[in-house]
Amino acid sequence: MAATLTLYEFIGTTTSPTTCTNLNFGSTVSGNLNSTLYPVTVGTYGQSKVLQLSFGGSFTSITNIKIYQSDGTNITGETINYGCSSTFYTSTGGSYADSNATTAVPTTTPTTANITVGDTSSYTITDTENTTDYVFLQSSLSVLASATSIPTKTLTFTWTEV
Amino acid sequence: MTDYTSFTVTEKKAAYCTETEWRQFTGFTDQSEFPASDVISKIQIAAEKVKKDMFMAIRLEFVTKDSNDRYFMSRRWLANAWGTDVAHGTVTPMDLRIWESDETSSVSSAFFLQGSRINRLIRQIPVEGISEWDSINGYFKLTDSWPSSSNYRIFADYWIAGKPLNEIQQELRLANMYWAEILLLEEKKPMRLKNGVVSLTQGDRTVQRNEEEFDKMIRDLYNSYHSIVNVCRPFYGKKLKIGRIESRTDSVSPYGGPLRY
């Protein structure tokens with residue numbers, strides 16, 4: 001049996017996380033939000049998502065965890081940034097860039113791990129220490145973006161499992 | 001490997017109210033009498049009117065930078081810019097016009113030799129160059145590309161309201177609806193006065209159109225509009241002293257002393 005990934009989103013605190021079924025971005029802090037109800041104003045930042053990966057199932061160790069955009073294209077002016085930190089910070093958005101999410105999500109599989117544990121990319125996840133650092137994801141819509149429903153994207157998490 | 005989908009909807013508002021909100025508010029639901037294209041057009045014209053009445057422009061203010069690269073503006077509260085086709089009711093980079101100023105000795109001396117009182121060249125920094133902004137604390141940050149020379153000074157055009165924009169969302173919406181209604185009703189006036197006919201007699205019955213009541217209705221809307229504008233506009237006046245009575249100084253006026261809020 002292989003390892004299974006559960007993605008948690010933290011809303012304001014580190015307690016009672018929401019289990020993610022999607023990673024929709026919007027102008028409110030909410031897990032699995034309805035993007036149509038909470039559109040992002042052109043020229044602003046969407047509310048960042050504070051996530052954590054938790055591994056379950058049957059495995060000995062996991063390393064080399066990566067995130068990338070495997071499908072879907074960005075419209076003009078759209079950027080999705082990410083970053084990791086072992087320290088929890090609350091979500092940021094609107095007129096503020098999330099200072100923890102400063103790197104554009106790659107559109108191809110990265111060569112090295114880009115999700116950290118204990119603020120380092122050389123780590124081993126075990127069944128007792130089975131969570132990653134907090135992952136911050138934020139969408140940015142510059143003034144060049146247009147008012148539209150942005151095509152759906154797929155964000156893929158991969159890892160090496162033993 | 002696990003996949004997650006991500007979906008985003010973006011918006012770019014051209015007015016503070018929608019056509020649907022206007023129709024619900026006014027009760028003018030008849031599409032033939034008030035066509036959608038006409039209503040939307042008037043709502044957008046009214047939005048610009050609202051901005052010009054409620055917000056005050058501050059032009060080319062010299063802004064200073066702190067150690068966190070935040071450029072601070074002196075007055076509150078940031079509002080939407082005049083003359084744009086967007087009216088979000090929230091502040092975006094489109095509501096700031098940032099300029100960099102070349103005041104190097106060669107520019108200054110060239111201007112001086114021309115006999116000019118101005119000693120600088122200004123160039124607008126594109127809105128994409130604004131990376132962060134705070135409408136409550138009144139600051140913005142620029143991307144690493146700006147200013148294009150470390151010698152350049154930064155100036156800002158911005159617009160202010162008397163209250164934070166998030167507190168006057170309803171007032172913005174109402175004012176926008178009132179002025180759009182005035183525009184649409186005024187549009188009807190010439191048609192009502194066509195050929196100067198204001199009464200029609202048929203047999204022993206006379207139907208008379210009361211133009212004074214129509215005008216009074218528009219005047220009432222005008223007063224309602226301005227009562228809302230007065231709540232939201234910034235105080236801008238000169239400090240006044242009559243005898244020992246002096247006007248308060250906690251204003252946004254450049255003559256009224258430091259800002260307190």
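In chain B, residues 24 or more positions apart account for 71% of the contacts with a separation of 6 or more. Two residues are in contact if their C-beta atoms, placed from the backbone, lie within 7 Å. The model is predicted: local features need pLDDT of at least 70, side-chain atom pairs count only at pLDDT 80 or more, and totals for chains, interfaces and linings use all residues. Residues are numbered from 1 along each chain as its sequence is written, while chains are lettered from A and ligands numbered from 1 in the order in which they are written.

Chain B holds 5 helices and 13 strands. Helices (H or I, at least four residues) and strands (E, at least two) are DSSP runs, numbered from the N terminus. Of the 261 residues of chain B, 29% count as buried. A residue is buried if 20 or more other C-beta atoms lie within 10 Å of its own, exposed if 12 or fewer, and partly exposed in between, with C-beta atoms placed from the backbone.

Chain B is divided into domain 1 (19-51 + 167-246) and domain 2 (56-160). These bounds come from an automatic or database domain assignment. Taken over C-alpha atoms, the centres of the two domains of chain B are separated by 36 Å. Contacts link 6 residues of domain 1 of chain B with 6 residues of domain 2 of chain B. On the domain 1 side, helix H2 (36-54) and helix H4 (169-192) of chain B are the elements that give two or more residues. By class, that side has 4 nonpolar, 1 polar and 1 charged residues. Ala, Val, Leu, Ile, Met, Phe, Trp, Tyr, Cys and Pro count as nonpolar, Asp, Glu, Lys and Arg as charged, and the others, Gly among them, as polar.

The largest nonpolar core has 49 residues. Such a core is a set of buried Ala, Val, Leu, Ile, Met, Phe, Trp, Tyr and Cys residues joined through C-beta atoms within 7 Å. Among the members that touch the most others are B:Ile43, B:Val50 and B:Trp179. H4(B) gives the most to this core, with 9 residues. Both domain 1 and domain 2 of chain B supply at least three residues. A second, separate core of 27 residues includes A:Leu7, A:Cys84, A:Tyr123 and A:Ile125.

In chain A, an open sheet of 6 strands has the order E2-E1-E4-E8-E6-E7, with antiparallel pairing. Strands E2 (18-19) and E7 (103-104) of chain A stand at the edges with a single partner strand each, so one side of each is left without a neighbour in the sheet. Two strands pair if DSSP finds at least two bridges between them. E1(A) is joined to strand E4 (residues 49-57) of chain A by 7 bridges, and A:Tyr8 has A:Gln52 as its bridge partner. E4(A) is joined to E8(A) by 5 bridges, where A:Gln52 stands opposite A:Tyr134. Strand E6 (residues 78-85) of chain A pairs with E7(A) over 2 bridges; here A:Tyr82 is partnered by A:Thr103.

Between the chains, 37 residues of chain A are in contact with 25 residues of chain B. E9(A) gives the most to the chain A side, with 9 residues. That side has 18 nonpolar, 18 polar and 1 charged residues. E9(A) also runs antiparallel to strand E1 (residues 2-11) of chain B, joined by 7 bridges. Within this pairing, A:Leu155 has B:Tyr4 as its bridge partner.
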